[in-house]
Amino acid sequence: MTPGYIKLGPAFLYKPSNHFNLLLSPAMINVTTKLTASSKPLSLFGVDAGKKAAVGLGAYARASMSYNLSKGILYTSNADIYSNYLKNPGNLILNWNNLFAFTVNKYIAATLVLTFVTTIWNMQGYRRSMELA
């Protein structure tokens, strides 16, 4: 798996409806892997060059929602935010997945997936600049 992500830890799940839930964890173990031989000499996905995995411990939150937009169109969205306590705790990793499932009949269906992944660097500096504005 390159990249591969494994998350393990205690969490609180808030589910006010069948369409939405929020998962919060103050201490989530995050393992990021890069197992292909061609990626081993490179520093990728937060895993240092020459290593196959990076382990972190941090805060994690996940919001999920799912709605039928119309007959035959299902929209599902998941947004994850993670901050590693052990390495650069001011940085946030945001992963947002949006899935549209289209169903024409029981034989024909299509899926569109849109994924946004970014790292928000130095939240302390970002917070200070927002206070000045």
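**Group meeting: salt bridge, pocket and surface patch**

Good morning. The structure holds 1 salt bridge, a term that here requires a side-chain nitrogen of Lys or Arg within 4 Å of a carboxyl oxygen of Asp or Glu. Before I describe that pair, a word on the source: this is a predicted model, in which local features need pLDDT of at least 70 and side-chain atom pairs count only at pLDDT 80 or more, while totals for chains, interfaces and linings use all residues. Residues are numbered from 1 along each chain as its sequence is written, and side-chain values use heavy atoms, with hydrogens and water left out.

The partners are R62 and D80, whose closest N and O atoms are 3.5 Å apart. R62 belongs to strand β4 and D80 to strand β5, so the pair ties together parts that are 18 residues apart in sequence. D80 is buried, at 9% relative accessibility, whereas R62 is partly exposed, at 27%. The cut-offs are under 20% relative accessible area for buried, over 50% for exposed, and partly exposed in between, with a 1.4 Å probe and protein chains only.

Turning to the fold, the protein has 1 helix and 7 strands, in the order β-β-β-β-β-β-β-α along the sequence. These elements are DSSP runs numbered from the N terminus: helices are H or I of at least four residues, strands E of at least two. Of the 133 residues, 20% are buried.

Next, the largest pocket. Its space comes to about 780 Å³, the volume being that filled by probe spheres set on grid points joined across faces, edges and corners. A pocket is an open set of points on a 1 Å grid over the protein atoms alone, where a 1.4 Å probe fits, with protein on both sides within 12 Å along at least five of seven lines; lining residues have an atom within 4 Å of a point. The lining has 28 residues, and N30, T32, F45, G46 and I93 lie nearest the centre. Which strand gives the most to this lining? It is β4, with 5 residues. By class, the lining residues are 14 nonpolar, 9 polar and 5 charged, with Gly counted as polar.

Finally, the surface. L8, I29, V55, L57, Y85 and L86 make a nonpolar patch of about 600 Å². Such a patch joins nonpolar side chains within 5 Å, from residues with over 30% relative accessible area and no salt bridge.

Thank you.

Key. Patches are made of residues with over 30% relative accessible area and no salt bridge: like charges are joined within 9 Å, nonpolar side chains (Val, Leu, Ile, Met, Phe, Trp, Tyr) within 5 Å. Accessible areas come from the Shrake-Rupley method with a 1.4 Å probe; for residues, only the protein chains shown count as cover.
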